[in-house]
Amino acid sequence: MKLRSALAATLLPAMAVAMAPPPSLAAAPMAAQRQAPGFYRMHVGRFEVTALLDGTHPFPVDKLAVGAKPGETEKLLAKHYLASPVEGMINAFVVNTGDRLVLVDTGAGDLYGKEAGGLSQALRASGYAPEQIDDIFITHLHEDHVGGLVKDGRMVFPNAAVHVSRRDFDFWTDDKNQAEVDALLKPFFPSVQGVLRPYVEAGRLIPFEDAAQDLIPGLRPVPSPGHTPGHTSYLLHDGKDAMLFWGDTVHVAGVQFDDPHVAIKYDWKVPGAIASRDKLLADAVGNGWWIAAAHISFPGIGHIAASEAHGYAWVPANYTLNR
Ligand SMILES: [Zn+2]
């Protein structure tokens, strides 16, 4: 420091007079249209968890919010320096249990166009290949959670068993249930059935009944119905360490932590979706669980803090380079 200040005091003023400004080095075109394939890794007890970014897409909160007071979503978004449409995440997660490689949700694959479908690339960048996945646990049968199961009609994860709640499987594979959902969701019936088909035909689609026990050691289903009939969160646990993969419990962090009673048009039953959100938020605070979220800014991993004045707050994981 001493030498530097001495140089600054004596040489720099003289140099400034003597030298012309250097040529600009910023003349190169801006290169990257996209970010790097997104993965983020951490540990939960004995488990390794890797968040994968499938893609992002504009989410028109103003058109999709249900039950908000007039002007409420605009005001809450502005508080977070956001405005509708908000760029929405599509995150999925890999868990290495030590003897199984497990995927929670698969991203949208080709079903959201160019805005998604990056999961396989992110998975490879993180050091794993799709063929290594042993089990896939689906939170619910919406396009942005199961679209990544297939590419060009073929299984992306040919060695995996796909686990989904019986309630969701029965609902989305029966076309007469289209009458129960918003017009936005009717096209999900053929598209979701299409991505499940190769796994059903291969005998690799395994619906599970409502159950309170682990589906594999350390991973317990937590039913959270409402967004879909069989929406299921999964609690990864090892002693006091735990992480809840909560699927679509929160769609718009900038709104629904402040007011968890704002719902979304994609919900199958709004009161049920709100009740499940209330319960999981309270449980997450009470238990200090990590949350792994499909639609919160990548990597979608953090904790929930209760706010005395109103609602909740999202506390993102402290980014750590070396894990
Ligand atoms: Zn979703």
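Modeller: In this predicted model, contact means heavy atoms within 4.5 Å. In that sense, the buried residues of α3 pack against α2 (61-64), β3 (65-66), β4 (86-96) and α8.

Colleague: Which residues of helix α3 are the buried ones?

Modeller: In helix α3 (residues 72-79), they are Glu72, Thr73, Leu76 and Leu77.

Colleague: What makes these residues line one face of the helix?

Modeller: Viewed down the axis of α3, the buried residues fall within an arc of 125°, and therefore they line one face. After α3 comes Tyr81, with a positive phi near 60°.

Colleague: Which residues coordinate the zinc ion?

Modeller: The zinc ion is coordinated by Asp144 (OD), His145 (NE2), Asp248 (OD), Asp248 (OD) and His295 (NE2), at 2.1 to 2.8 Å. Donors must lie within 2.8 Å of the metal. Asp144 belongs to helix α5 (residues 143-146), whereas Asp248 sits in the loop between β13 (241-245) and α8 (253-256), 104 residues apart.

Colleague: Why is Asp144 called buried?

Modeller: Buried means under 20% relative accessible area. Asp144 has 7% relative accessibility, so Asp144 counts as buried. Asp248, at 4%, is therefore buried as well.

Colleague: How do you know whether His227 is buried or exposed?

Modeller: His227 has a relative accessibility of 3%, which is under 20%, so this residue counts as buried. His227 is placed in the loop between β11 (219-223) and β12 (232-238).

Colleague: What makes the pairing of the side chains of His227 and Asp267 a polar contact?

Modeller: The distance given is 2.7 Å, and the cut-off for a pair of N or O atoms is within 3.5 Å. Residues that His227 touches include Asp248, His251 and Trp268.

Methods. Residues are numbered from 1 along each chain as its sequence is written. This is a predicted model: local features need pLDDT of at least 70, side-chain atom pairs count only at pLDDT 80 or more; totals for chains, interfaces and linings use all residues. Side-chain values use heavy atoms; hydrogens and water are left out. Donors are N, O and S atoms within 2.8 Å of the metal (3.2 Å for Na, K and Ca); water is not among the atoms, so sites may look incomplete. Helices (H or I, at least four residues) and strands (E, at least two) are DSSP runs, numbered from the N terminus. Buried means under 20% relative accessible area, exposed over 50%, partly exposed in between (1.4 Å probe, protein chains only). The arc is that of the directions from the helix axis to the C-beta atoms. A polar contact is a pair of N or O atoms within 3.5 Å; within protein, one must be able to donate a hydrogen and the other to accept it, and residues adjacent in sequence count only if both atoms are side-chain atoms. Lists of a residue's contacts leave out its neighbours within four places in sequence.
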